[in-house]
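Q: I've got a model open and I'd like to learn how to read its features. Can you walk me through it?

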Amino acid sequence: MFALVHVPTTFVATPDLAAVSVTLTILFGLSMLLGYLYVWTGNLLVPVLVHGFYDALLFGLAYVALASDLSAAA
(Lines give C-alpha, C1' and ligand atoms only; values in the text may rest on other atoms or scores of the structure.)
Protein backbone atom coordinates (compact mmCIF):
# COMPACT_ATOMS: atom_id res chain seq x y z
CA MET A 1 0.00 0.00 0.00
CA PHE A 2 2.81 2.43 0.88
CA ALA A 3 4.47 2.10 -2.53
CA LEU A 4 1.15 2.23 -4.37
CA VAL A 5 0.21 5.52 -2.71
CA HIS A 6 3.33 7.07 -4.26
CA VAL A 7 2.55 5.95 -7.84
CA PRO A 8 0.70 9.13 -8.95
CA THR A 9 3.41 11.51 -7.74
CA THR A 10 6.14 9.29 -9.17
CA PHE A 11 4.57 9.44 -12.63
CA VAL A 12 4.19 13.22 -12.31
CA ALA A 13 7.90 13.52 -11.48
CA THR A 14 8.94 11.43 -14.48
CA PRO A 15 6.98 9.47 -17.08
CA ASP A 16 10.01 7.19 -17.64
CA LEU A 17 8.85 3.65 -16.83
CA ALA A 18 12.32 2.47 -15.79
CA ALA A 19 12.73 5.35 -13.31
CA VAL A 20 9.24 4.74 -11.92
CA SER A 21 9.99 1.02 -11.52
CA VAL A 22 13.22 1.70 -9.63
CA THR A 23 11.52 4.26 -7.40
CA LEU A 24 8.63 1.94 -6.59
CA THR A 25 11.04 -0.91 -5.85
CA ILE A 26 12.92 1.30 -3.39
CA LEU A 27 9.64 2.42 -1.84
CA PHE A 28 8.49 -1.17 -1.52
CA GLY A 29 11.70 -2.01 0.34
CA LEU A 30 11.20 1.01 2.58
CA SER A 31 7.61 -0.04 3.25
CA MET A 32 8.80 -3.50 4.31
CA LEU A 33 11.31 -1.91 6.68
CA LEU A 34 8.75 0.50 8.14
CA GLY A 35 6.22 -2.31 8.58
CA TYR A 36 8.83 -4.48 10.27
CA LEU A 37 9.80 -1.65 12.62
CA TYR A 38 6.16 -1.19 13.59
CA VAL A 39 5.64 -4.91 14.25
CA TRP A 40 8.95 -5.18 16.11
CA THR A 41 8.41 -2.16 18.36
CA GLY A 42 4.61 -2.03 18.49
CA ASN A 43 4.99 1.73 18.32
CA LEU A 44 3.93 3.81 15.31
CA LEU A 45 6.30 6.63 16.27
CA VAL A 46 9.37 4.57 15.33
CA PRO A 47 8.48 4.08 11.63
CA VAL A 48 7.21 7.67 11.47
CA LEU A 49 10.60 8.94 12.67
CA VAL A 50 12.48 6.65 10.26
CA HIS A 51 10.27 7.86 7.39
CA GLY A 52 10.98 11.47 8.40
CA PHE A 53 14.71 10.79 8.53
CA TYR A 54 14.57 9.12 5.10
CA ASP A 55 12.69 12.08 3.60
CA ALA A 56 15.08 14.58 5.21
CA LEU A 57 18.04 12.65 3.80
CA LEU A 58 16.55 12.65 0.30
CA PHE A 59 15.72 16.36 0.43
CA GLY A 60 19.20 17.14 1.75
CA LEU A 61 20.86 15.14 -1.02
CA ALA A 62 18.64 16.77 -3.63
CA TYR A 63 19.58 20.20 -2.28
CA VAL A 64 23.28 19.40 -2.41
CA ALA A 65 22.96 18.06 -5.97
CA LEU A 66 21.02 21.10 -7.15
CA ALA A 67 23.26 23.56 -5.32
CA SER A 68 26.39 22.02 -6.82
CA ASP A 69 24.88 22.12 -10.32
CA LEU A 70 23.89 25.76 -9.89
CA SER A 71 27.32 26.81 -8.65
CA ALA A 72 29.03 24.86 -11.47
CA ALA A 73 26.88 26.61 -14.09
CA ALA A 74 27.69 30.10 -12.79
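Q: Let's begin inside. Which residues of α3 are buried?
A: Keep in mind that this is a predicted model. Buried here means under 20% relative accessible area. In α3 the residues that qualify are V20, L27, L30, S31, L34 and L37.

Q: What about the whole chain: how many helices and strands does it have?
A: Four helices and zero strands. Reading from the N terminus, the order is simply α-α-α-α. The radius of gyration is 15 Å, well over the 11 Å that the globule rule gives for 74 residues, so the chain is more spread out than a compact globule. You can see it in the box too: the C-alpha atoms fill roughly 50 × 25 × 15 Å along the principal axes.

Q: And how much of the chain counts as buried?
A: Of the 74 residues, 12% do. The accessible surface comes to about 5600 Å², and 79% of that belongs to carbon and sulfur atoms.

Q: So how do I read a nonpolar patch, and which residues form the one here?
A: To join a patch, a residue needs over 30% relative accessible area and no salt bridge, and nonpolar side chains are linked within 5 Å. Here the members are Y38, V39, L44, L45, V48 and L49, with about 630 Å² of accessible area together. The elements giving two or more residues to this patch are α3 (17–41) and α4 (45–73). The most comes from α4, with three residues. Take L49, which lies in helix α4: its relative accessible area is 55%, and because the cut-off for exposed is over 50%, L49 counts as exposed.

Q: How do I read an aromatic pair, and how many are there in the whole structure?
A: In general, a pair of aromatic rings is described by the distance of the centres and the angle of the planes. A search of this whole structure finds one pair. The rings of Y36 and W40 have centres 6.2 Å apart and planes at 10 degrees, so the pair is stacked. The two residues sit four apart in helix α3, which puts about one helical turn between Y36 and W40. Both Y36 and W40 are exposed.

Q: Are T23 and T25 exposed, partly exposed or buried?
A: T23, in helix α3, has 31% relative accessibility and so counts as partly exposed. T25, also found in helix α3, counts as exposed because its relative accessibility is 56%.

Note on methods: Residues are numbered from 1 along each chain as its sequence is written. This is a predicted model: local features need pLDDT of at least 70, side-chain atom pairs count only at pLDDT 80 or more; totals for chains, interfaces and linings use all residues. Side-chain values use heavy atoms; hydrogens and water are left out. Patches are made of residues with over 30% relative accessible area and no salt bridge: like charges are joined within 9 Å, nonpolar side chains (Val, Leu, Ile, Met, Phe, Trp, Tyr) within 5 Å. Accessible areas come from the Shrake-Rupley method with a 1.4 Å probe; for residues, only the protein chains shown count as cover. A salt bridge is a side-chain nitrogen of Lys or Arg within 4 Å of a carboxyl oxygen of Asp or Glu. Buried means under 20% relative accessible area, exposed over 50%, partly exposed in between (1.4 Å probe, protein chains only). The radius of gyration is taken over C-alpha atoms; the globule rule is 2.2 Å times the number of residues to the power 0.38. Rings of Phe, Tyr and Trp (its six-membered ring) pair if their centres lie within 6.5 Å; planes under 30 degrees apart count as stacked, over 60 as edge-to-face and the rest as tilted.
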